[in-house]
Amino acid sequence: MTKPDPCPDEHARIALNAYQDCLKACAAFEGFFLPELEQRTDQVWWKGTLESNAEELAQRIQRYLLEANMTGEGCLELRAPNTSATTPTPQRIHWRHHRQKVYQLVAWGLLGEVPTKRWVVRHLCNNRLCIHPEHLEVGTQAQNLRDQQLNRTKNWPHQ
Ligand SMILES: [Zn+2]
């Protein structure tokens, strides 16, 4: 069903860079401490993941990126299995007793930070199925809404 990958070398390079960047980000996280953490279960999960499961996190990010389908626009799409063809949903995973959207895993894993309420993952390409690290950015909810409005009139530049 999936079309041939338009750029397999570029695809593999993105995945390998993400693996390396994730390990670097997790190493930088060590010793990091915020007293307001440990309040939410997802923050505890992220702290444990970044501190103690960096290698597996980096491997998973690399694997999901390789599994994703590179589109003509340069997005790396990963859709949930058995998702609706007309309104596909982003892939979610279950890992360490926690459900997580893969694009969240990629964005926060490469940033090496624990998510807080104020910050959301923005899709700069306006494609919610996309997990391309360069298309994801952590920003505020207000920025995210503004992105969606802007993207209705603006096309993502083709690469
Ligand atoms: Zn994208």
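Me: By about how many helical turns are Glu67 and Arg63 separated in helix α3 (residues 54-67)?
Reply: Glu67 and Arg63 are 4 residues apart in helix α3; helices (H or I, at least four residues) and strands (E, at least two) are DSSP runs, numbered from the N terminus. This is a predicted model: local features need pLDDT of at least 70, side-chain atom pairs count only at pLDDT 80 or more, and totals for chains, interfaces and linings use all residues. Residues are numbered from 1 along each chain as its sequence is written, and side-chain values use heavy atoms, without hydrogens and water. The 4-residue spacing therefore puts Glu67 and Arg63 apart by about one helical turn.

Me: How far apart are the closest N and O atoms of Glu67 and Arg63?
Reply: A salt bridge needs a side-chain nitrogen of Lys or Arg within 4 Å of a carboxyl oxygen of Asp or Glu. Glu67 has 47% relative accessible area and Arg63 has 43%. Both are partly exposed, a class between buried (under 20%) and exposed (over 50%), with a 1.4 Å probe and protein chains only. Their salt bridge has its closest N and O atoms apart by 3.7 Å.

Me: Which residue forms a salt bridge with Lys24?
Reply: Lys24 is exposed, at 59% relative accessibility. The N to O distance is 3.8 Å. The partner, partly exposed at 36%, is Asp21.

Me: Is Glu77 buried or exposed?
Reply: Glu77 meets Arg79 in a salt bridge, 3.1 Å from N to O. Arg79 is partly exposed, at 38% relative accessibility. Glu77 has 16%, so it counts as buried.

Me: How many disulfides does the structure hold?
Reply: A disulfide is a pair of cysteine sulfur atoms within 2.5 Å. Cys75 is buried, at 3% relative accessible area. Cys125 is buried too, at 9%. The disulfide count is 0.
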